Amino acid sequence: RLFFSVPFLFSSLVWSGYLEYDQDVLIPEGWTHAGRVDPSEELELTFALKQQNVHLLEETLRLVSDPDSAQYGKYLSLEEVASLVRPSEVTQKVVRRWLQSHGISNCLTVHTQDFMQCTMTAEVAEKLLQGSRFHHYVRDGQSLTRSSAPYSVHDDVHPHLDFVGGLHRFPPKSQEPREKRQHFKAGLHLGVTPAILRARYNLTAADVGSAQNNSQAVAQFLEQYFHPADLAEFMNLFGRTFPHMSQVDRVVGTQGGGKAGLEASLDVEYIMSTGANISTWVFTNPGDSGAGCRHLGKEKNSFRPSFPASSPYVTTVGGTSFKNPYKVTYEVTDYISGGGFSNVFKMPDYQVTAVQGYLKSVTATLPPQSYFNTSGRAYPDMAALSDNYWVVSNRVPIPWVSGTSASTPVVGGMLSLINGQRLLKGLPVLGFLNPRLYKLKGQALFDVTEGCHLSCLDEQVQGKGFCAAPSWDPVTGWGTPNYPELLAALLTK
């Protein structure tokens, strides 16, 4: 019966409205309009189909991630996840028939069948997604195709889709190296290297991977790629004091040509030098800018949380600097460290006590409540140094590179080391860390209590966002890792 009814569904001209209530069609500064897309030009769009059993998936994640649960560490296989969330047969048929009714058949899907990536002409895309208008935009030699207007979908397909990707949102501007000319005295370091990180976070030369079945991975986005020659040169310059690997074991996807991306180089070099001697994969396809700023109208602003940093299902890493940038001292907030409160995701149970404690303890110095959502997922969860890194990119050693693209792979590498030690003891890997991290209540981390990050440049907040405080805060989370203590705390159960 469904087979005969589906074609009829799309004979109507009823359009249900927007899938995404907050479609951002503003063109960020730096991007230049380069004209309308030719109707015959091919576009690639991603359709997110409605998943089933999302609440059951969330509950399962909570149980396998909570060290006090009997299910802790009993993770689902990919096939078990797929059978849980796979869209219903009705959803899959309705969406496919909708696409086919517009002549769209060149589509790829994933194992869980909840995403479809389809190729079509711009003319077809604009008929399929009413309201959309595709244009070319360029910045620094990079060209993108985006819609200048919000889109809507057919009334009958609306209940079966979450969103369509590829119409809106522009990549952030790549982090540029920040160089400073200074005169140095004896005993001062010239920037953050693997040796400096190991000194600060108490890793020895013996703290490297040894478990055969352990691995770690980095994802490259925004058409940024690393070069294997840069990684080899980086390890030659900065990895001589500890065992390490100088090659990525596997690249999943197509590694682009041209110049290496600075952030991609940074990610690969520092996860492999912190999580040293561990098999590393790179998938090709942890935001800066403080609290962010969203302009709501004349003289009215609010903070703008970033994604995926504000997702409750990731461990988000903020950024710090040395108090004295040329010595291994205690750490203070890096003013670009991302942090704040989500406007989309509610505060997860694992962090409620910590966040409410922060809000009560700093009430007098908080930004106005109109700027942020006190009931939203708060981030980051922890932090690490994010300022003044050395990176090798395009065979050139570059100093003074900064951003949470530095701190995130450092923490990731340390957690990979801990996973290796757990595997050697016959324990499961850590999985989703946050429920366990918040139960530690700052144990095994260096608390960061100085400094604030950036926000809106207006009369009310004057560029000042949230500030660090004792215990958890929305600038540096619980603080930065003291590796041997963190290893001990996470090596039980």
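**Stop 1: a helix with a buried side**

Select helix α3, residues 78–85, in this predicted model. A82, L84 and V85 are its buried residues. They lie on the same side of α3, because they cover an arc of only 165° around the axis.

**Stop 2**

Next, show β4, β5, β3 and β9. In that order they form an open sheet of four strands, with antiparallel pairing. Which strands stand at the edges? Select β4 (107–109) and β9 (161–165): each has a single partner strand, so one side of each is left without a neighbour in the sheet. Neighbouring strands are turned by 20° against each other on average, direction ignored.

Zoom in on β3 (residues 42–49) and β5 (residues 115–121). Seven bridges join this antiparallel pair. For one of the bridge partners, pick E42 in one strand and T121 in β5.

**Stop 3: the helix across the sheet**

**Stop 4: V124**

Move to helix α5, residues 122–128, and select V124. Is V124 buried or partly exposed? V124 counts as partly exposed, because its relative accessible area is 21% and buried means under 20%. Show its contacts next: leaving out residues up to four places away in sequence, V124 touches H102 and I104. Finally, draw a distance from V124 to E41. Their C-alpha atoms are separated by 10.0 Å, although the two are 83 residues apart along the chain.

Conventions: Residues numbered from 1 in each chain as written. Predicted model: local features only at pLDDT ≥ 70, side-chain atom pairs only at ≥ 80, totals over all residues. Heavy atoms only, no water. Helix = DSSP H or I, 4+ residues; strand = E, 2+ residues; numbered from the N terminus. Buried < 20%, exposed > 50% of the residue type's maximum accessible area, 1.4 Å probe, protein only. Contact = heavy atoms within 4.5 Å. Arc of directions from axis to C-beta. Pairing = 2+ DSSP bridges. Axes fitted to C-alpha atoms, helices over the stretch in contact; angles between N-to-C directions.
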